[in-house]
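Let's take a walk through a protein model together, one stretch at a time. Keep the picture in view and look for each part as it comes up.

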Amino acid sequence: MEKFIQNLDLSAKGIWFPITLGTIALIYILFMPKRLNWREIYLIFGTIGYVALIIDMFFMLNYFDIFDLGRDPKQEGIGDLISYGIIPSCYAVIFLNHFKPEKKWLYVALFTLLSFLSEWMLVQVGYMKLKGWQTWWSIPVFIIVFGFWLPWHLKLLRKES
């Protein structure tokens, strides 16, 4: 049991931030007025979590090695899981739940800003250590995800229903 607790990496500097942010986002999803049904929430949450984990953990960390999370870069802890799998999934669900096509770029701007500030705060609290990456470089990625990929993903989900 001691090894399990140790592997959670709970002593990492700034671990409180991803845990707090992930908890707040999950609670918000539970109580927000829903325009998405639970099936859509489930599929969006799982898909985004999977894609974020693959891109961040395998490509950005292992192949490009542009940032580290937590105390030990070789050990994935609970903060890593929350930072890669929970927070992006929550932001995607919240974005698509409130998304209105006539206000698309307003929502894209707001969620790009929210995502950027979240990443920036991970760096500021010391949980994320950049190694050749600049936080603002994520902005075009956020614009593509919120502006194009997530609306397409929701359209695809609803077409299959």
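How many salt bridges does a search of the whole structure find? The search finds one. Keep in mind that what you are looking at is a predicted model. The partners in the salt bridge are Arg 158 and Glu 40, whose closest N and O atoms lie 2.7 Å apart. Are the two partners buried or exposed? Glu 40 has a relative accessible area of 5%, so this residue is buried. Arg 158 has a relative accessibility of 42%, so this residue counts as partly exposed.

Stay with helix α3 for a moment, and find Arg 39 there. With a relative accessible area of 41%, Arg 39 is partly exposed. Now look for Leu 157: the C-alpha atoms of Arg 39 and Leu 157 are separated by 9.5 Å, although these residues are 118 places apart along the chain.

Next, go back to the start of the chain. Met 1 sits in the segment before α1 (2-7), and its relative accessibility of 75% makes Met 1 count as exposed. Ile 5 is in helix α1 itself. At 42% relative accessibility, Ile 5 is counted as partly exposed.

Helix α2 (16-31) comes next. Its 16 residues should span 22 Å at 1.5 Å a residue, and the C-alpha atoms at its ends are 23 Å apart, so the two values agree. Which residues of α2 are buried? They are Phe 17, Pro 18, Leu 21, Gly 22, Ala 25 and Ile 29. Looking down the axis of α2, you would see these buried residues within an arc of 120°, which means that they line one face of the helix.

Leu 36 is buried, with a relative accessible area of 4%. The C-alpha atoms of Leu 36 and Leu 113 are separated by 23 Å, and the two residues are 77 places apart along the chain.

Now move on to helix α4, which runs over residues 78-98. This helix has 21 residues and reaches 28 Å from its first C-alpha to its last, close to the expected 30 Å. Where does α4 bend? The bend, of about 30°, is at Ile 86, and a proline, Pro 88, follows within four residues. Of the 21 residues of α4, 17 are buried, so this helix is largely enclosed by the rest of the structure.

Helix α5 takes up residues 104-124. It has 21 residues and reaches 30 Å from its first C-alpha to its last, close to the 30 Å expected at 1.5 Å a residue. Its buried residues are Tyr 107, Val 108, Phe 111, Thr 112, Ser 115, Phe 116, Ser 118, Glu 119 and Leu 122. Why do these residues lie on the same side of α5? They do so because they cover an arc of only 160° around the axis. Just after α5, you can find Gly 126, which takes a positive phi of about 90°.

Technical notes
Residues numbered from 1 in each chain as written. Predicted model: local features only at pLDDT ≥ 70, side-chain atom pairs only at ≥ 80, totals over all residues. Heavy atoms only, no water. Helix = DSSP H or I, 4+ residues; strand = E, 2+ residues; numbered from the N terminus. Expected span 1.5 Å × (residues − 1). Bend = angle between axes of the 7 residues up to and from the residue. Buried < 20%, exposed > 50% of the residue type's maximum accessible area, 1.4 Å probe, protein only. Arc of directions from axis to C-beta. Salt bridge = Lys/Arg side-chain N within 4 Å of Asp/Glu carboxyl O.
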